[in-house]
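Hi everyone, thanks for coming.

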Amino acid sequence: MTRTLSAPVTVAFDYTRSTGPVIGRFLTGLRDGQIVGGRTSEGKVVVPPPEFDPVTHEAITDFVDVAPVGTVTSWTWVPEPVKDQPFDRPFAFALIQLDGADVPMLHALDVASPDEVSTGMRVQVRWRAERVGAITDIEAFEPATDAGPTGVEALGTNPVTGVVVPVSLDYLYAASPEESAFYRGLNEGRILGQRCPTCQKVYVPPRSACPADGTPTAEEVEVSQTGTITTFCVVNVPFLGQKITPPYVSAYVLLDGADIAVLHLILGVPAAEVRMGMRVKAVWKPREEWTYSLENIDHFEPTGDPDAEYDTYKQHL
Amino acid sequence: MSKQPAAVVGVGQTHHRAKREDVSMAGLCREAMDRALADANMSLDDIDAIVVGKAPDLFEGVMMPELFLAEALGAAGKPLLRVHTAGSVGGSTAIVASSLVQAGVHKRVLTVAFEKQSESNAMWALSVPLPFNMPVHAGAGGYFAPHVRSYIRRSEAPTHVGAIVAAKDRQNALKNPYAHLKNPDTTVESVLASQMLWDPIRYDETCPSSDGACALVIVDEDTAAASPNPAWIHGTVMRSEATTAAERDQVNPQASRDAAAALWKQAGITSPIDEIDAAEIYVPFSWFEPMWLESLGFAEENGGGWRLSESGATAMDGRMPVNCSGGVLSSNPIGASGMLRFGEAALQVRGAAGEHQVDGARKALGHAYGGGSQFFAMWVVGSEKPTN
Ligand SMILES: [Zn+2]
């Protein structure tokens, strides 16, 4: 048995980028089959255009069309492409100085083997048919032909002002050894904490060290399944990624025997009747649904006992 | 060796909006920077170092944005630092920039903080469910609402005080040409009638989600001599603490009280309410005005804060004007919000706050907090050079 528990978690969002006038001009050009550079105060043509001049720091406003043909100034071979690279077969990344530009730009060069690439070779653009205003509107560069690149028609009339950038990160979320013991306890229907040997406070879930004094914690303590609501809020607002349908009561529950409250869901009582000091007990999901999670406790509900006195929990606010 | 005097001689900010789709991140920063440099009568060539701040990377989905921004920020060939302390970052970024001058490392430092919230969704970014845990988190409002409830219980505050603060800040925002929210019809009654989002926090008691940036030019004594109205830095403090600890005071955190005590000592202030003429306090949810007034020592604990807010003392014409700019409640580009508090404090003592100027302001507080009330950054600026 491994000492710690882990589980996959994906953090994903489609970010929207405002391009601003300079990058927007470049992307509008790509959509319409034109490569646009910016002329700097020193007279150099840079592709893609920088937003601000490297010398004067003024916004770049002088735009120049450059050729869809250029020269490789350096390159590297990609023998084993990874996800989201331009091709799923081997290809080259190349620095390509387009005719009319003074510095090279980076893009993919579509050739079958590194023997077909050399510094100084002439290459040309291969446009994608469906162009949206993105650097991938250039499918790749390819060795120059006598006929030159195939020209394409403009695809829009409005300037490109924004792009959508989907980001998706896959993590393996690892619980600490102490948290793992806590989650294993939940898998057995128990709520486990640890007592700090220095300040004697009982932490649920257990930390690896006491946050107040830094002492490593070791002594395991099983706490009660009954406790007191110290404070709470009623969540009425829906939001992206929300797992529980609002309205719901999100409450800090100070379990008897613990010195820190856990955040959990309150049900079995109208939201408007939830009170600070209310006594509540854990309501577990059916045993066959248990995993290694605080979600094994479906929610907390009132015990019906009299409320705890304010003085008994006010130091936990 | 003691600290060298340092002063703010340039303040710039963007027009804050829900979506600034007309500019990129670099363009947003430059809009604030160019205004700060113009205010300071300088150009980027005069600047020795750049210090940039913004809140969590998940808010724009760009890891280490300082890398791609370096050239646009004019940092090529100069030191570029990035500061990150969640919501307080705008304040701590200004403090790091000022410390470079106070330490004698640089003479002219430009600092900029920004957030382009429209590129993401902060509610989502702050509520990503983690395996094994109970998915009850509900953004910043869901985090702070229980602690607001604790304050109301502890101080026995009447429940309309939050609405008084919200209405006051929204009215102040009408005097600030850069503010995001411009709702002339906001009243205590309209705030009380707005939807309860995270009970006890209502919709109109929360900050908006804004795109925006703020920039400051901070210089040494010799350079400041050329400025007609420098804002001298009288004290800077940062403190942090654990987000969760047994019996941690979440209403009035120890780090906040310690930071305030250290700040007043540095600035030679014994009675903040009498000696501070204007305060820009980080209030993303209206109840944090009375909470921080107590924590900062403007009022007695457990009730002095709400009594001050309720009495009208924190209005522009009150005894202790708070957030004359409209504050975070009226503009919240998160990463920039702390620097806006610091910059607005500087504008007040420079007599440059325009329509929201407090007459004759000589000393002002800029304040920011972040994380789960675990990071604090604050400064005092004055119209006179500090004597200590
Ligand atoms: Zn301890």
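Let's begin where the chains meet: 60 residues of chain B and 62 residues of chain A make up the contact, where contact means heavy atoms within 4.5 Å. Before I go on, please keep in mind that this is a predicted model, in which local features need pLDDT of at least 70 and side-chain atom pairs count only at pLDDT 80 or more, while totals for chains, interfaces and linings use all residues. Residues are numbered from 1 along each chain as its sequence is written, chains are lettered from A and ligands numbered from 1 in the order in which they are written, and side-chain values use heavy atoms, leaving out hydrogens and water.

How much area is buried between chain B and chain A? About 5100 Å², with carbon and sulfur atoms giving 62% of it; buried area here is the accessible area (1.4 Å probe) that two parts lose on being put together, summed over both. On the chain B side, B:Trp124, B:Phe132 and B:Met134 supply 17% of the area that this chain buries against chain A, more than any other three residues.

Two arginines of chain B also reach rings of chain A. B:Arg30 has its charged end over the ring of A:Phe52, 4.2 Å from the centre, and B:Arg149 lies over the face of A:Phe232, 3.6 Å from the ring centre. The criterion is NZ of Lys or CZ of Arg within 6 Å of the ring centre and within 35 degrees of the ring normal.

Now to the metal. Which residues coordinate the zinc ion? They are A:Cys196 (SG), A:Cys199 (SG), A:Cys210 (SG) and A:Asp213 (OD), at 2.0 to 2.3 Å. Donors are N, O and S atoms within 2.8 Å of the metal (3.2 Å for Na, K and Ca), and water is not among the atoms, so sites may look incomplete. Along the chain the donors follow the spacing C-x2-C-x10-C-x2-D. The angles among the 4 donor atoms are 104 to 113°, and the site is tetrahedral, a label given to four donors if all angles lie between 85 and 135 degrees. For reference, the ideal angle for four tetrahedral donors is 109.5 degrees. A:Cys210 is buried at 3% relative accessible area, whereas A:Asp213 is partly exposed at 33%; buried means under 20%, exposed over 50%, and partly exposed in between (1.4 Å probe, protein chains only).

On to the aromatics: the whole structure holds 24 aromatic pairs over all chains. In one of them, B:Phe342 and B:Trp379 have ring centres 4.7 Å apart and planes at 40°, so the pair is tilted. Rings of Phe, Tyr and Trp (its six-membered ring) pair if their centres lie within 6.5 Å, with planes under 30 degrees apart counted as stacked, over 60 as edge-to-face and the rest as tilted. Both B:Phe342 and B:Trp379 are buried.

Last, some backbone details. Most residues other than glycine have a negative phi, and most peptide bonds are trans. The bond from A:Pro246 to A:Pro247 is cis, with omega near 0°, and the one from B:Asp199 to B:Pro200 is cis too, with omega near 15°. B:Met64, not a glycine, has a positive phi of about 50° and is partly exposed at 45%. B:Asn323 has a positive phi of about 55°, and at 0% relative accessibility it is buried.

Notes:
Tetrahedral: all angles 85-135°; square planar, octahedral: opposite > 155°, others 65-115°.
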